Amino acid sequence: MPERIIVPFGPQHPVLPEPIHVDLVLEDEKVVEAIPSIGYIHRGLEQLVQKREYTEYVYVAERICGICSFIHALCYSQGIEHIMGIEVPDRARYLRTIWSECSRLHSHLLWLGLFADSMGFENLFMRSWQLRESVLDVLEDTTGGRVIQGTCKVGGVRRDIGQEKLDEMHRELDPFEKQCRDLGDVFLNDETVKYRLQGLGVITKDEAYALGAVGPTARGSGVAIDHRDTGYAAYGDLGFKPVVETAGDCYARCAVRVKEVYASIDLIRQAISEMPEGPIDVKVKGTPDGEYFSRAEQPRGEVIHYLRGDGSKHLARARIRTPTLANIPPLVKMLPGAQLADVPVVVLSIDPCISCTER
Amino acid sequence: MSIFQMTKTVLRNLAGGPATRQYPAVPARRCPITRGHVVFDPATCRSCGLCSRRCPCEAIRLDKEAKVWEIDRMRCIACGDCVEGCPFGSLTMEPDYFPPVVEHVTERYTITYVKPEKPAKKPVEESVKEEGVGESA
C-alpha cells in the first residue's frame, strides 16, 4: 500500500481567485480524501443587519459578492417586499430580470475564462474575458456600475433604461450571441477540452441530490432544480426552461454554463421585446414585521435570504445561505479519485465564490 | 477537425489587432452615468441633514451649528443615495473615480448658503394689508 501524504491546496493558489483551503490526502498522485476548511474572509455582514436600516441593507447585501451582486440585492429586496406586502410594478420586474441575466452572463463568461485558465487554455481564457467586457459595458451604461450595480431597492428599481438604449441592446444581442456561440463551440466540441474534462470529478444524480447540490453543479448531474422556473421577477412571463445535462462530470457542468449563456441571451431578448410601460418603483412606508425565506437563482445556484423583522427599522435577524456553501459537500465527494493535477479543474468546476460563502 | 476549433478565432484575432486600449495614449471608456464620486455645492445646501441620515456607511457628517459639511472619502461607497435624496440639488454624482491617495481624506466644506430675504418680506406685507382691511371694516 503506498504511503499517504497530505498536500495543502490553497488558500493561496494560482487558480483560486479567492481563499479556500483543502487538505488533500494523496496516495502517490491520486487523491483519496479531501478535507475543506473555510473562514478566511468572514466579514460579519449578517450581524450588520441590526445596525443598518432595512432600506440601507440592500447596499450591504449587494456587496456580499462582487459577481452575483445584483441578485443578492434582488433576493433581499424580494424578501422585504414579501414581508411588507409590497407589489412591485411590472416594469421594475422586467428590469430586474434583465440585470439579473446580465449578471449571469458576465459571471458565466468570467467562470468559463477561469476554467479555461485552470485547464491551461490561456487563449480561450482571454477570449472569454473579452466577451465579458462587453456585458460589463452594458451594465455600466444602464446602471452606472460595472460590478456593483446599485439599482435594486426595496419597492422597485432606482434607475430606468430608456427605450433608445433598450433598442440598442436588442440590436447588439445578435452579434454578441454569434460570438458567444463561437466561444461555446470550443468548450463543447474541442477534442483537447473534452479529453481534459470528460469523466473527471463525477457525481451521480442521487449523490448530487442527497448532498444538496444547487445550480449548475446539480443540473450537470441531471437534477433539474432551477429557482427561476418558480417565476420570480419576470421569469414567469418569459417561458423559462432549466438547462440540464446528465453526465455529472466537469464537462457536463461546463456544458450547462455554456448553454445557460445562450439561455440568458434569449431571456434578455424576450424581456426587452415584452418590456411593459409604467412606473419603476412604489413608495415604501412602514417597517417590516414578520419573517420570510426569500430565494433567487444566482449564477452559482440558489441563494436563500432568511429575514426577520420585529416592526422596527432594523431587522432582527438575517441569515444568508449562499450556493457555494451548498456545493462544498458535493466537491468533497468529487475530489477522491482525481489526480493531483486535476484538482484545480475539479475545484473550479463548482464555481467557488468564497466571499459569498463566508459573508 | 475538432482539435482546431479555436483556430478560426485565433486567426481572426491575429488579423483584428489588440482588443485592449492603448491607455493612457487612448483615453479610457467613459460613461456619463458612472457613479464615480459625490460633489457638494456649499452655496445651495440648506443644512437639512437628509444626506447624512440616508448615507448607509455614515460617510457624511453635518454640523448645523458650525455650518460644516464633511464627507469621508474612504467610507463613501458612491451608492448615490444622498444624491437622490437631496431636495435642493446640492449633491451631484460625477463619473470620474476619486483618485487614489495615501492619506485618509476627509473633505470639509463651510456652507455658504444665505437665506434669501425676499420670502421674509412677503408675510410682513400681507400682515400690513390684513391690518389695513381690519381698520376699514
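**View 1. Two residues face each other across a strand pair.** In this predicted model, I304(A) sits opposite R321(A), a residue of β8(A). Strands here are DSSP runs of E with at least two residues, helices are runs of H or I with at least four residues, and both are numbered from the N terminus. Strand β7 of chain A covers residues 301-310 and pairs with β8(A) in the antiparallel sense, over six bridges; two strands count as paired if DSSP finds at least two bridges between them.

**View 2. Helices pack on the sheet.** Helix α2 (residues 69-84) of chain A touches β6 and β7 of chain A, and its direction makes about 150° with that of β6(A). Helix α10 (residues 323-334) of chain A touches β6, β7 and β8 of chain A, at about 130° to the direction of β7(A). Touching rests on contacts, meaning C-beta atoms, placed from the backbone, within 7 Å. Angles run from 0 to 180 degrees between N-to-C directions, with axes fitted to C-alpha atoms, for helices over the stretch in contact.

**View 3. The sheet itself is open.** Its three strands follow the order β6-β7-β8 (chain A), with antiparallel pairing. At the edges lie β6 (289-298) and β8 (315-321) of chain A, each pairing on one side only.

**View 4. Chain A meets chain B.** Here 20 residues of chain A are in contact with 16 residues of chain B. On the side of chain A that touches chain B, α4(A) gives the most, with seven residues.

**Reading the views.** Residues are numbered from 1 along each chain as its sequence is written, and chains are lettered from A, ligands numbered from 1, in the order in which they are written. Local features need pLDDT of at least 70 and side-chain atom pairs count only at pLDDT 80 or more, while totals for chains, interfaces and linings use all residues.

Conventions. Two residues are in contact if their C-beta atoms, placed from the backbone, lie within 7 Å.
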